[in-house]
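Please look over the sequence and the structure shown below, and then read the notes on pockets, ligand, cavities and backbone.

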Amino acid sequence: MKIVLPEFESNKISKAIDNARNQFDKLISKQGKGNDFLGWLDLPVYCKSIIDEIKEAAKNFSEGLDAVVVVGIGGSNLGAKAIYEGLKPKFEKLKPEILFAGNNLDEDYHYELVEYLSDKQFGIIVISKSGTTTEPAIAFRILREKLEQTAGKEIAAKRIIAITDREKGALRKLANEEGYKTFVIPDDVGGRYSVLSPVGLVPLAVAGIDIEQLCKGASDVRKALYEDKSDENIAFMYAAARNLLYEQGYKVELLVNYNTSLITFAEWWKQLFGESEGKEGKGLFPASANFTTDLHSLGQFIQEGSRILFETVISVKQTKNNLTIPKNNDDTDGLNYIAGKKIDYVNKMAMQGTYLAHTSAGVPNIIIEIDKVDEYNFGGLIYFFELSCAISGYMLGVNPFDQPGVEAYKRNMFALLGKPGYEEEGETLRKKLKNA
Ligand code: PA5
């Protein structure tokens, strides 16, 4: 993995990298904020010890299933979804096919999912650390009922894996009562840092993803970033650059990809940085764009709109396949000048052209280069971003491991729904809405 930064005044960038290095030391010596949530730092090492159990469980679980529904939201869903959607064949239907639920409250989505599963043998992987999150709880209640009706309670219990807290929460209680196979989310690992724990590894193993390589990629990057204390450490460089850009007045970081395999990865990245840094009135707003697609929509704004954003571009060196542009005798479309070239060559030229256009219009670019999109590189990228995010959050002066802001909507929703204990608040909110 390589990183290229925009031009900064040399004393400023070296001071910022120095700061990043100090924050890293604070992080790994557990002297910083939120230091009871640092279990993720060692997940690339820990995950090696659970791979065999996970692979075995995944094999037994998926046998004979047409579909597996992964139920979870936020940190309990985005990592597995990002890697699965990045690595699955783009047009082939897999067996078992992996579906996602519990990450929305869309009635039509749930209805159509249940209908779709009607004639299928399916299983459920339900993931919730707290075991009480509303969205996955509703989806799981509906899907479990369907599974028990169609397969019978005994078989249904064998077709459910629960990934949750060691002892707390409603899901742990239910799993113990019903005898589901369970995996534990370590106490000291928060949702958005949990992809290399059973939260990500179990669904990915069921999907046939090579979780050993995923962990190896993360572990190699961890080793490299822990050992390299120089100014060339890419996590220090990235954390330093984005903090400097923030200080210079940029308020939005746009994660850009040129490969469709990285589209969902941006959703994981947005949660990681958004929930870790967006607090106390501070933080870069994490957004994403898929190029070249979005060059035909957002491209106009990036080139000429408000100067509020910088781009972090993930550049992929090699494609998995080769496909060249054919020569055509008529050349009516005028493309013969690139006949014989790989499509990826055109993509790279689009990338370079865009880099020149955007940077000259005042949009700084950070470039992160990976070799290819595979398990190994995903593992490395995940660990790199997690470590950079923690360092960057400390540089900003916030606790990157809590998310107090996500409670406000939940409280209001519970009050409006009439959840026991929230009656009075519900009354006040209904009056507020009436007068609004
Ligand atoms: O990062 C986080 O902590 C959150 O996004 C949680 O993962 C998300 O809210 C889901 O929580 P839970 O796993 O408790 O259902």
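How do the residues of the lining of the second largest pocket divide into nonpolar, polar and charged? They divide into 8 nonpolar, 12 polar and 6 charged, where Ala, Val, Leu, Ile, Met, Phe, Trp, Tyr, Cys and Pro count as nonpolar, Asp, Glu, Lys and Arg as charged, and the others, Gly among them, as polar. This is a predicted model, in which local features need pLDDT of at least 70 and side-chain atom pairs count only at pLDDT 80 or more, while totals for chains, interfaces and linings use all residues. Residues are numbered from 1 along each chain as its sequence is written, and side-chain values use heavy atoms, with hydrogens and water left out.

**Pockets**

- A pocket is an open set of points on a 1 Å grid over the protein atoms alone, with protein on both sides within 12 Å along at least five of seven lines, and its lining residues have an atom within 4 Å of a point.
- The largest pocket has a volume of about 860 Å³, a volume being the space filled by probe spheres set on the points, which are joined across faces, edges and corners.
- Of the 31 residues that line the largest pocket, Ser130, Thr133, Gln403, Val406 and Lys410 are the closest to its centre, and by class the lining has 10 nonpolar, 12 polar and 9 charged residues.
- Helix H15 (407-417) is one of the elements that supply at least two residues of this lining, and H15 gives the largest share, 5 residues; helices (H or I, at least four residues) and strands (E, at least two) are DSSP runs, numbered from the N terminus.
- The second largest pocket has a volume of about 700 Å³, and of its 26 lining residues Lys90, Asn259, Thr260, Thr319 and Asn321 lie nearest its centre.

**Ligand**

- The space taken by the ligand is the largest pocket, where a molecule sits in a pocket if more than half of its atoms lie within 2 Å of the grid points.
- The ligand is surrounded by 13 residues, the closest being Ser76, Ser128, Ser130, Thr133 and Gln271, and a residue counts as near if one of its heavy atoms lies within 4 Å.
- By class, this shell has 1 nonpolar, 9 polar and 3 charged residues.
- A side-chain N or O atom of Gln271 is 2.5 Å from an oxygen atom of the ligand, and a polar side-chain atom of Ser130 lies 2.7 Å from a ligand oxygen atom.
- Taken alone the ligand exposes 380 Å², of which the protein buries 86%, with accessible areas taken from the Shrake-Rupley method with a 1.4 Å probe.

**Cavities**

- A cavity is a set of grid points where a 1.4 Å probe fits but cannot get out, and the count comes to 3 cavities of 30 Å³ or more.
- The largest cavity has a volume of about 40 Å³, and its lining includes Tyr258, Phe291 and Glu311.
- Helix H13 (343-360) is one of the elements that supply at least two residues of that lining, and H13 gives the largest share, 3 residues.

**Backbone**

- Most residues other than glycine have a negative phi, and most peptide bonds are trans.
- Lys30, in the loop between helix H1 (10-28) and helix H2 (43-62), has a positive phi of about 60° although it is not a glycine.
- The peptide bond from Lys95 to Pro96 is cis, with omega near -5°, and the bond from Phe291 to Thr292 is cis, with omega near 10°.

Definitions and conventions: A polar contact is a pair of N or O atoms within 3.5 Å; within protein, one must be able to donate a hydrogen and the other to accept it, and residues adjacent in sequence count only if both atoms are side-chain atoms.
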